[in-house]
Structures are given as structure tokens and as C-alpha cells.
Amino acid sequence: MQKQLPPKIAAELAALPYQYIKSKPTKNSRLSPLLKKQFEISLSESAIKGTSGGLPFQLFNKTYGFAITARGKLESNKDHHVIAIRGTKVMVPDWMTNLNIGFVSGPNNKDVHAGFMKAFNSLKPAFEK
Amino acid sequence: MLGLFKKYDVHLCPEVRGRILDNSIPVKGLTVHRWLGYTDEVERKDFTITDDNGEFYFPEYNIRSKLPGRLFVENLTVQVIYVCVDGENLALWDAVLEGINPIEAFNKKLVSLNCDLTNEQVDFEFNNESSQRKHNATSICRWSEDFTIY
């Protein structure tokens, strides 16, 4: 079983949330060939939205995607879910987690940056769907 | 600290040239739109109209911004050049330019946006000189080199 994301794939997944802007005039769900082969990513309704740090964020998040989720489709990464979350918002950069990516194993008693945790909790209901 | 207030030149899009055909016949008077979404979350839109030969042109687009001086800012521009045909937006170019400087591979592609409206829209890869990750884009245009449909 694949335990770690190869850097190349991690980089490509991390870049994805930045591309999904709701008001973009063309709707396509282009993935790189590498990602296409290994993951299923639902992009139909643009990216999942979350909030962090109060009103300014909530306004931005109406138009800009926040996170995307992907599910592994190969034997080696089957049943693995990846969550790629976009980094600091540019106007009011209030959380320090610029990029956070990895296999989700649920709460594991590890220290997590508070700002990130807050943002993550706002996203959680969408992931549970 | 002073870096926070400094403004930087940010390149959003190089010069664009192209030609639009429909079943090999030049399409004249068609509106071509350019839509640029940089990290500052301002959507910049302009348009041009094809001439008698179906040709069109957009100048290079640069802005000044303080954002590159901020920590943790991912500088990128979503570039879309499209035409609206029968209510559908067809991408002559749909790609993400990473960073704040021109990228030669993008410059080359964008000065030859040659398409036929009957072409299928495809996803393709093209070379990236500075990274192992290739660039990718979506388009109804076709190029004779450095163009791998996937």
C-alpha cells in the first residue's frame, strides 16, 4: 500500500485548488495526465468552500475555491482520500498554513496549527458527504 | 518590512496572436475575449474582434502589485482566451501561468492561437524548462510542435 504521496503528485494536487474560480468563463476539469491516471477528482461544482477568519474570507470564498478532494483509483492508493487546500488568502492573510496536503487518517492527537484546524472544521461537513 | 510596501511588475499574459477559421474559412467580426485571474482576485477582462482574415491580437498584459512581496502568496494567473459560439464558450486557451514572469513556452503558444471552430477542445501538455512538471492547457487550437494531447 502506498504510504506517501510522491512529490510530483503532491505538487500537482496542491496546485489544483487555485485553478477553480467559479466565475471563470470556461468550465473544464482539466487534470494532468499523471493525476488523471491515479485519482478521481470531483470538480463538477468547482471546489469545496470553507471559511476561516471571519467575514472577509467568507466573501472571498463565494467566488474562489478553497479545497478539492481526490480519491485514489489504483490498487496501490485505493480508498485513499486526499484533501488539497489552498493557501493563505491574499487580502487578509490570517492563517499560516500555506499548503497542506496528505492522506487523511482522522484525528490522530498530533499538533495542528490552530488556524488551520479552524479552517478545516469549516470544511469538514463537505468532506463527509 | 519595507518589502511589504514595494510594488512588483507582474506579468499576467504575453502578446496574443491568432486566427480563427470555420471549416477552413476565416471567421470575420467574431469577438474574442481574454479573461485573466491573478492571485489578487481581480478579474481582468478585455476583448478584440477578428479582422477579414479571421486574425486577432491582444497586447501583453502586465500589472503592478504588492502581492509578490508578501509571504506565502502563490503567484499565479488563470488565463482564458475564448470565443462564444452558439451560447457556448470555446477555449482558444485555458491555462495557469505560475509565477510573475513571462514563460517562454507560454509566449510561443500564445502568438499562434490558430484554430478551426470545428476542432474538438483538447487537453494537452507542453514543455516546462524549469520544472519536471509539464505545463498543461485546454484549447481548440492546434500547434505543430511541443503539443501532446492527452
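Modeller: Residues are numbered from 1 along each chain as its sequence is written, and chains are lettered from A and ligands numbered from 1 in the order in which they are written. As the model is predicted, local features need pLDDT of at least 70 and side-chain atom pairs count only at pLDDT 80 or more, while totals for chains, interfaces and linings use all residues.

Biologist: What is the confidence in chain A and in chain B?

Modeller: On pLDDT, the predictor's confidence in each residue from 0 to 100, chain A has a mean of 63, with 41% of its residues at 70 or more. Chain B has a mean of 92, and 97% of its residues reach 70 or more. The model scores ipTM 0.79 and pTM 0.78.

Biologist: Where in chain A is confidence lowest, and where is it highest?

Modeller: The lowest is in helix α3 (residues 55-60) of chain A, with a mean of 40, and the highest is in helix α2 (residues 33-38) of chain A, at 82. Over residues 49-64 of chain A the pLDDT is below 50, although the model gives this stretch 36 contacts beyond near neighbours in sequence; a contact requires C-beta atoms, placed from the backbone, within 7 Å. Residues 91-108 of chain A also stay under 50, with 39 contacts beyond four places in sequence. Where pLDDT is low, the predicted coordinates should not be read in detail.

Biologist: What makes up the secondary structure of chain A?

Modeller: Helices are DSSP runs of H or I with at least four residues, strands are runs of E with at least two, and both are numbered from the N terminus. Chain A has four helices and three strands, in the order α-α-β-α-β-β-α from the N terminus on.

Biologist: Why is B:Val27 called buried?

Modeller: A residue is buried if 20 or more other C-beta atoms lie within 10 Å of its own, exposed if 12 or fewer, and partly exposed in between, with C-beta atoms placed from the backbone. B:Val27 has 20 C-beta neighbours inside 10 Å and therefore counts as buried. B:Val27 sits in the loop between β3 (25-26) and β4 of chain B. Beyond four places in sequence, its contacts include B:Ile20, B:Thr50 and B:Leu117.

Biologist: What makes a set of residues a nonpolar core, and which residues touch the most other members of the largest one?

Modeller: Such a core is a set of buried Ala, Val, Leu, Ile, Met, Phe, Trp, Tyr and Cys residues joined through C-beta atoms within 7 Å. The largest has 30 residues, of which B:Val80, B:Ile81, B:Leu92, B:Trp93 and B:Leu113 touch the most other members. Another core, of 13 residues, lies apart from it and includes A:Leu5 and A:Phe39.

Biologist: How do you know that β11(B) and β12(B) pair?

Modeller: Two strands pair if DSSP finds at least two bridges between them. β11(B) and β12(B) have five bridges in the antiparallel sense, and B:Val122 stands opposite B:Ser139 in β12(B). Two bridges also join β11(B) to the antiparallel strand β13 (residues 148-149) of chain B, where B:Phe124 stands opposite B:Ile149.

Biologist: How many residues of chain B are in contact with chain A?

Modeller: The contacts link 27 residues of chain B with 21 residues of chain A. Among the elements that each supply at least two residues to this side of chain B are β4 (31-38) and β8 (76-85).

Terms used
Contact = placed C-beta atoms within 7 Å.
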